Amino acid sequence: VKFKDRLIELLQTTNKSEIILPNFYCPFIMNAPLSVHMIDERPQDGRYMQDCKLAYEKHNAVGYWQVKCRSLFKHGNNPTEAVGSEKTCIDSGGFRCSGLDYSLSTNNRDHKWVPLYFV
């Protein structure tokens, strides 16, 4: 079954206000002096992939579905929102980042849900 067909089926049959989409997309873009490219492999361990959700929202009597994904930092995607070990890692220029691995989606299960993004 194709992803699109399964998604349509879920939307038509669910009574939930959100559908979790594990390892949905890769927000990381690799930057080199002569090229910029997306990471196109999908490793089995979820490395570089982010969990997302399809969330039903209603504003002014209009309902719609939107995709939200786990943020890079615990409180959002802005580095100024980083606290604790995340702030230490950023302030050190990436040298004191013990225990942090932003390439694993299993490390951000308690992070805030935010709109799609790229890093």
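Is Glu18 buried, partly exposed or exposed? Glu18 is partly exposed, at 33% relative accessible area; buried stands for under 20%, exposed for over 50% and partly exposed for what lies in between, with a 1.4 Å probe and protein chains only. The tour returns to Glu18 below.

**Before selecting anything**

This is a predicted model in which local features need pLDDT of at least 70 and side-chain atom pairs count only at pLDDT 80 or more, while totals for chains, interfaces and linings use all residues. Residues are numbered from 1 along each chain as its sequence is written, and side-chain values use heavy atoms, with hydrogens and water left out.

**Whole chain**

Color by pLDDT, the predictor's confidence in each residue on a scale from 0 to 100. The chain averages 77, and 80% of the residues score at least 70. Among the elements, helix H1 (residues 3-13) has the lowest mean pLDDT, 70, and strand S6 (residues 113-115) the highest, 88.

Switch to cartoon. The chain has 2 helices and 6 strands, in the order α-β-β-β-β-β-α-β from the N terminus. These elements are DSSP runs numbered from the N terminus: helices are H or I with at least four residues, strands are E with at least two.

Of the 119 residues in the chain, 29% are buried. The accessible surface is about 8200 Å², and carbon and sulfur atoms hold 55% of that; areas come from the Shrake-Rupley method with a 1.4 Å probe, and for residues only the protein chains shown count as cover. Among contacts (heavy atoms within 4.5 Å) with a separation of 6 or more, 61% join residues 24 or more positions apart.

**Stop 1: the core**

Select Leu21, Tyr25, Cys52, Leu72 and Tyr117. These residues have the most contacts inside the largest nonpolar core, which has 14 residues. Strands S1 (18-25) and S4 (50-59) each supply at least two residues of this core, and the largest share, 3 residues, comes from S1. A nonpolar core is a set of buried Ala, Val, Leu, Ile, Met, Phe, Trp, Tyr and Cys residues joined through side-chain atoms within 4.5 Å. In soluble globular proteins, nonpolar side chains tend to be buried together.

Keep Leu21 and show what surrounds it. Beyond its neighbours within four places in sequence, Leu21 is in contact with Gln50, Asp51, Cys52, Lys53 and Leu54.

**Stop 2: salt bridges**

How many salt bridges does a search of the whole structure find? The search finds 3, a salt bridge being a side-chain nitrogen of Lys or Arg within 4 Å of a carboxyl oxygen of Asp or Glu.

Select Glu18 and Lys53. Their side chains meet in a salt bridge at 3.0 Å, N to O. Lys53 lies in strand S4 and Glu18 in strand S1, so the pair ties together parts that are 35 residues apart in sequence. Lys53 is buried, at 10% relative accessibility, whereas Glu18 is partly exposed.

Move to Lys74 and Asp110, where the N to O distance of the salt bridge is 3.1 Å. This pair links distant parts of the chain, 36 residues apart: Lys74 is in the loop between strand S5 (62-70) and helix H2 (84-91), and Asp110 is in the loop between H2 and S6. Lys74 is partly exposed at 35% relative accessibility, and Asp110 is partly exposed with a relative accessible area of 48%.

Next, select Lys87 and Asp91, whose closest N and O atoms are 3.1 Å apart in a salt bridge. Both residues lie in helix H2, 4 residues apart, about one turn of the helix. Asp91 is exposed at 55%, while Lys87 is partly exposed at 41%.

**Stop 3: around helix H2**

Stay on helix H2 and pick Glu86. Glu86 is buried, with a relative accessible area of 6%. Its C-alpha is 7.3 Å from that of Cys97, 11 residues away in sequence.

Then pick Thr80, in the loop between S5 and H2. Thr80 is exposed, with a relative accessible area of 68%.

**Stop 4: a surface patch**

Show the surface and select Ile29, Val36, Met38 and Phe118. Together they make a nonpolar patch of about 380 Å². Patches consist of residues with over 30% relative accessible area and no salt bridge; like charges are joined within 9 Å, and nonpolar side chains (Val, Leu, Ile, Met, Phe, Trp, Tyr) within 5 Å. Met38 lies in strand S3 (residues 35-38) and counts as partly exposed at 40% relative accessibility.
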